[in-house]
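Biologist: I am new to reading protein models. Please walk me through this one, feature by feature.

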Amino acid sequence: MAEILLKNAYVIDPISGINGEIMDIAISGENIVEEASNKAEVIDAQGFLTLPGGIDSHTHISGTKVNFGRYMSPEDMRAGRTWRRGPMHVTSGYSVPTTYGNSYRYSALGYTSIVEGAMAPLEARHTHEEFIFTPLQDSFANTLFDGNWGMLKALEDGDLKRAAAIVAWFLTAVKGFAIKLTNPGGTEAWGFGNNVSCINEQMPTFDLTPADIIRGAVRINEMLHLPHSVHLHCNNLGTPGNFTCTLGSLGLVPDLNKKRQTLYATHVQFHAYGGSGWADFCSKSEPIANMVNLRPQIVIDMGQVMFGRTTTMTADGPMEFNLYRLHHDKWSNHDVELETGSGIIPVNYRRKNLVNSIMWAIGLELALLVKSPWQCLLTTDNPNGAPFVKYPEIIALLMSKKYRDAECRTIHPDTEKRVPLHAIDRELDWYEIAVMTRSGQARALGITDIGKGHLMPGAEADIAIYPIAVDEIDPAIDYEKVISGFSKTEYTIKRGRVVSRRGDAVIHGENTTFWVKPKVPEAYDMQHDEDFRSLFERYYSVRMSNYPVQEEYLHRNYCIETETDL
Ligand SMILES: [Zn+2]
C-alpha cells in the first residue's frame, strides 16, 4: 500500500482536540495511521496550516436543476472557461460550472466531501451520474420529501411508522443520504399554483400544516437512526418579516439526539429578514442567533450572499416565482410530480442595492452572533448566495473586523441603520474557521464515525494543507493573505492520494457516494405493500419499479446501514 509521511504540519483538528500543534501525519493506503514505514513518500508541510479536508454540507452541484441552470445562462458558461492541462478536463461556467469545474475548484480550496442540497427522488439518476464526474470529492445527496405523497398521506393518517417505512424505502431506492424538507407544504401547494405562508397554515391537498410535516419528519428521522438530522429549508424564504416563521420552525424541535443536532436549518441568512415589505426591510439575525444559542439541538448554515453575479436554484418553486416577479428577467420553474418542485433565476447582488447589502450583512452576523462555531457552518448555499469560490473571502471577513469595515464603506450607506453588523467586534480564529468548514460539518452530518472531518488514526486520509504560516499572519490585519492562502491549497489529499497541488488537479481521481439503508422489518418493507404500490399505479407517470437507482449509476459507493425502531 502506498504510504505518505506528512512532516512538520501545523495541525488544527478540532474533533481530536488538536489546536495548532506542529506534528507529522502518517498515511497508509486510504487511511491515516499511527506511523509510516521508511518506504513512505515524505511531504514537507513546512509548518503550513493543515486541516481535515473541507466538507460542504449544503451545495448544489449535481442533478437536473443544476444542469438546467447551465443551459439557462450561456453567459455564465463563457465566464469560467479553463483549458485542458495535465489530467484536467476543459471546464466552463462561473456560478454553475461543469461537473469537473466544480470538482477542480472545490479541490483547489481543499474540499474533499460535498453534500448535494436537494435531490428529487424521481430525478435521482441524474444526480448520481454527475457525482461520478465530480471525482475529487466524496458525495452525499439530501433527498427531497417536502411534497412526497406517500409520506404525507401516512402523516395525515397519523401512522408515523408507515411514514418512516416509506421514507426508508425512498432513501434506499434512490441511494439518498438524508431527509430534506424544502418549504414543507409550500412546494406541494405550488403544484396547484399556491404556497403556504406560515408553519400553521393548512396545505391544500392534505390535512397537514408545515409544522406537522417538520415535527413528523424529525421523529421519522430518529426512528430510522439516520446519521444526519432532518435538513430543513424553512418556509417563506426571501420574504421580509420571515424571521418569525423561522423562529417558529426552530422552536418546534425537541432535543432528541445525544450525538448531533435534531434539526439542521439551511441557508438561514435567507430566513432572517425583518420588515413588513422591501421598504422597511432589515436584519433579524439577532433573534435567530439568540434562539440557536439557547438550543443545542439546532445547527444552521449561513447561506452567505456575496456581491456579483450568480444563479439561484432551489426546490422552492413558489419562492423562485416571487423572485421572478421582482427581477422580471429569465426564469424557469418545474413541478416534480408528487414530490417537490424547483426554480432557477440568475441574479446579480449589487453593493449599491440596499436589500442586497442587508442580505450580505445578515449572513456574516449569524456567523458572528451564534456563539458556538459548531452551530453555524460556513456556506453560501452555493450558488444561491454566491459561488463557493468566494469561501476564502468569507473566511477573511469573519476573521477581520478591519476587512468588514472596509467592505461596509463600499455598500449602500443606509445599511448601517438596518443591521447590527457594524457594532459587532468578534473576529473568528483559525480553530473556529476549521470547525465551520469541516469538523462541524462532519459532526452535523453524522459522518465522523466513518472517518470524515478529523485526522485520528483510522480516519479517511482527506487533508488540506494551505500555504499559510499561522504564526506569521495576523488575520485581523493581513486579510488579503488569508484570502490568498485559502484560495489554493499547497496540497489537497483525498483518500490517501495527492489530488491537487497549488490549485491544479494532478490526478483524475475517483469519488465515493455515501448513502443510507435503514434496516426495516419485513412488515414495514414497502416493496411488498400493495397500497404503496397502487399509489404509483394511480398517480405517478412512472411505476414503483422505475425508482430504484442501480449500483452501476454510482460506481464506488458506501452503504451506511442503520438499525430502526420500527
Ligand atoms: Zn440550497
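**Reading the features**

Modeller: Let us start with a pair of side chains: that of asparagine 235 makes a polar contact with that of asparagine 183, at 2.7 Å. A polar contact is a pair of N or O atoms within 3.5 Å; within protein, one must be able to donate a hydrogen and the other to accept it, and residues adjacent in sequence count only if both atoms are side-chain atoms. This is a predicted model, in which local features need pLDDT of at least 70, side-chain atom pairs count only at pLDDT 80 or more, and totals for chains, interfaces and linings use all residues. Residues are numbered from 1 along each chain as its sequence is written, and side-chain values use heavy atoms, with hydrogens and water left out.

Biologist: Where is asparagine 235 found, and is asparagine 235 buried or exposed?

Modeller: Helices (H or I, at least four residues) and strands (E, at least two) are DSSP runs, numbered from the N terminus. Asparagine 235 is in the loop between strand E10 (230-233) and helix H9 (243-251). Buried means under 20% relative accessible area, exposed over 50%, and partly exposed in between, using a 1.4 Å probe and protein chains only. Asparagine 235 counts as buried because its relative accessibility is 0%. Contact means heavy atoms within 4.5 Å. Leaving out residues up to four places away in sequence, asparagine 235 touches Asn183, Pro184, Val196, Ile199, Pro210, Cys245 and His271.

Biologist: Which residues does threonine 205 touch?

Modeller: Threonine 205 touches Glu188 and Phe192, again not counting residues up to four places away in sequence. Its side chain makes a polar contact with the side chain of glutamate 188 (2.8 Å). Threonine 205 sits in the loop between helix H7 (186-190) and helix H8 (210-223). Its relative accessible area is 31%, so threonine 205 is partly exposed.

Biologist: Which residues coordinate the zinc ion?

Modeller: For metals, donors are N, O and S atoms within 2.8 Å of the metal (3.2 Å for Na, K and Ca); water is not among the atoms, so sites may look incomplete. Here His58 (NE2), His60 (NE2) and Asp381 (OD) coordinate the zinc ion, at 2.0 to 2.1 Å. Their spacing in sequence is H-x1-H-x320-D. Histidine 58 lies in strand E6 (residues 54-59) and aspartate 381 in the loop between strand E18 (376-377) and helix H13 (391-399), so this pair ties together parts that are 323 residues apart in sequence. Histidine 58 is buried, at 0% relative accessibility, and aspartate 381 is buried too, with a relative accessible area of 3%.

Biologist: Where is proline 383 found?

Modeller: Proline 383 is also in the loop between E18 and H13. A cis peptide bond joins asparagine 382 and proline 383, with omega about 0°.

Biologist: How do I read two packed helices?

Modeller: Two packed helices are described by the angle between their axes and the distance between the axes. Axes are lines fitted to C-alpha atoms, for helices over the stretch in contact, and angles run from 0 to 180 degrees between N-to-C directions. The axes of H13 and helix H17 (residues 479-487) come within 8 Å and cross at roughly 145°. The contact is made by Pro392, Glu393, Ile395, Ala396 and Met399 of H13 and Tyr479, Val482, Ile483, Phe486 and Ser487 of H17.

Biologist: What does aspartate 462 make a polar contact with?

Modeller: The side chain of aspartate 462 makes a polar contact with the side chain of lysine 452 (3.0 Å). A polar atom of the aspartate 462 side chain also lies 2.8 Å from the backbone nitrogen of arginine 495. Aspartate 462 is in the loop between helix H16 (430-445) and strand E19 (463-466), and is buried, with a relative accessible area of 5%.

Biologist: Which phi does asparagine 8 have?

Modeller: Asparagine 8 has a positive phi of about 55° although it is not a glycine. Asparagine 8 is in strand E1 (residues 3-13) and is partly exposed, at 33% relative accessible area. Arginine 502, not a glycine either, has a positive phi of about 50°. Arginine 502 is in the loop between strand E21 (497-501) and strand E22 (504-505), and is exposed, with a relative accessible area of 51%.
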